[in-house]
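Me: I have a structure open and want to go through it bit by bit. Can you take my questions as they come?

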Amino acid sequence: AVVSTQSGHYGRDNSFYQDTSQNKAKGTGVAVYVADYLNAEKIKNLGGCLPDVESLFVCITLQSNPNPLTCGVVYMPPYGNFETFLSEFNHLNNLLPKSNVRILGDFNLDLLKINCIS
């Protein structure tokens, strides 16, 4: 998974890209790259671009395992509002399956100073 990518850097068959360039001045989106031997499909009702959170989710299925894996990438820009990000992140979590989920990303948070967020 890649957060904060440039458009055009995803030419593979099993790559998924969420364009966010229309809603902001910098950056162009997030991407998920899946190995070619895996079956993957973008989950359309999850992910998108808001000023404080960008996300993209895919469903990966294996022939040897009947339980699909939901994999997502989440990005909070450095200028993002933490409270809004947290609210949107919780909303995403409520929409996700209860198992076989992996979330990757860049949250631009200093966890050593998490109590200092105002």
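Me: What share of the residues counts as buried?
Reply: Of the 118 residues of the protein, 35% are buried, where buried means under 20% relative accessible area, exposed means over 50% and partly exposed is in between, with a 1.4 Å probe and protein chains only. This is a predicted model, in which local features need pLDDT of at least 70 and side-chain atom pairs count only at pLDDT 80 or more, while totals for chains, interfaces and linings use all residues. Residues are numbered from 1 along each chain as its sequence is written, and side-chain values use heavy atoms, with hydrogens and water left out.

Me: What is the strand order in the open sheet?
Reply: The order of its four strands is β3-β4-β5-β6, and the pairing is mixed. Two strands pair if DSSP finds at least two bridges between them. The edge strands, pairing on one side only, are β3 (39-50) and β6 (101-106).

Me: And how do β3 and β4 pair?
Reply: They are antiparallel, with eight bridges, and β4 covers residues 53-62. Within that strand, Ser55 stands opposite Gly48.

Me: New topic. Which residues make up the largest nonpolar core?
Reply: That core has eleven residues: Phe16, Val30, Val32, Val34, Leu38, Leu56, Val58, Ile60, Cys71, Val73 and Tyr75. β2 (29-33), β4 and β5 (65-75) each give two or more residues to this core. A nonpolar core is a set of buried Ala, Val, Leu, Ile, Met, Phe, Trp, Tyr and Cys residues joined through side-chain atoms within 4.5 Å.

Me: What does Cys71 touch?
Reply: Leaving out residues up to four places away in sequence, Cys71 touches Leu56, Phe57, Val58, Ile60, Arg102 and Leu104. Contact means heavy atoms within 4.5 Å.

Me: Where are Phe85 and Phe89?
Reply: Both are in helix α1 (residues 82-95), four residues apart, which is about one turn of the helix. Phe85 is buried at 4% relative accessible area, and Phe89 also counts as buried, at 17%.

Me: How many aromatic pairs are there?
Reply: The structure holds three aromatic pairs. In one of them, the rings of Phe85 and Phe89 have centres 5.7 Å apart and planes at 20°, so this pair is stacked. Rings of Phe, Tyr and Trp (its six-membered ring) pair if their centres lie within 6.5 Å; planes under 30 degrees apart are stacked, over 60 edge-to-face, and the rest tilted.

Me: What about Phe85 and Phe107?
Reply: That pair is tilted, with 5.6 Å centre to centre and 55° between the planes. Phe85 lies in helix α1 and Phe107 in the segment after β6, so the pair ties together parts 22 residues apart in sequence.

Me: Is Phe107 buried or partly exposed?
Reply: Phe107 is partly exposed, at 28% relative accessible area. Together, Phe85, Phe89 and Phe107 form one aromatic cluster.
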